[in-house]
Amino acid sequence: DMIFPAVTVCNANPYRTDKISPVLLYYANLWGINATAANLAALSFPVIVDLINRNDTNTWVNVGFQLPDMLLN
């Protein structure tokens, strides 16, 4: 018998593209990188690593998916 079943919801995306774009542009300007689409795509992983290393949870939470983004009911 299970009193409360454990459920994990994962959409396999670490961040929302629409929300991370301003963060990527900020880092591109900060680091002097030309903000082309290819450069911004390549910059996403180093930016995520930097956010995690700096323990910048506010920015990380803002660019990530929230439960209401994925779950209707």
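1. Starting with S44: leaving aside neighbours within four places in sequence, S44 is in contact with Y15 and L24 (contact means heavy atoms within 4.5 Å). The side chain of S44 also makes a polar contact with the side chain of Y15, at 3.4 Å; such a contact is a pair of N or O atoms within 3.5 Å, where one must be able to donate a hydrogen and the other to accept it, and residues adjacent in sequence count only if both atoms are side-chain atoms.

2. S44 sits in helix α2, residues 37-53 (helices are DSSP runs of H or I, at least four residues, numbered from the N terminus). S44 is buried, with a relative accessible area of 10% (buried is under 20%, exposed over 50%, with a 1.4 Å probe and protein chains only).

3. A caveat on the source: this is a predicted model, where local features need pLDDT of at least 70 and side-chain atom pairs count only at pLDDT 80 or more, while totals for chains, interfaces and linings use all residues. Residues are numbered from 1 along each chain as its sequence is written, and side-chain values use heavy atoms, with hydrogens and water left out.

4. V7 lies in the segment before α1 (17-31).

5. Overall shape: the C-alpha trace spans about 60 × 25 × 15 Å along its principal axes. Buried residues make up 22% of the 73 residues.

Terms used:
Helix = DSSP H or I, 4+ residues; strand = E, 2+ residues; numbered from the N terminus.
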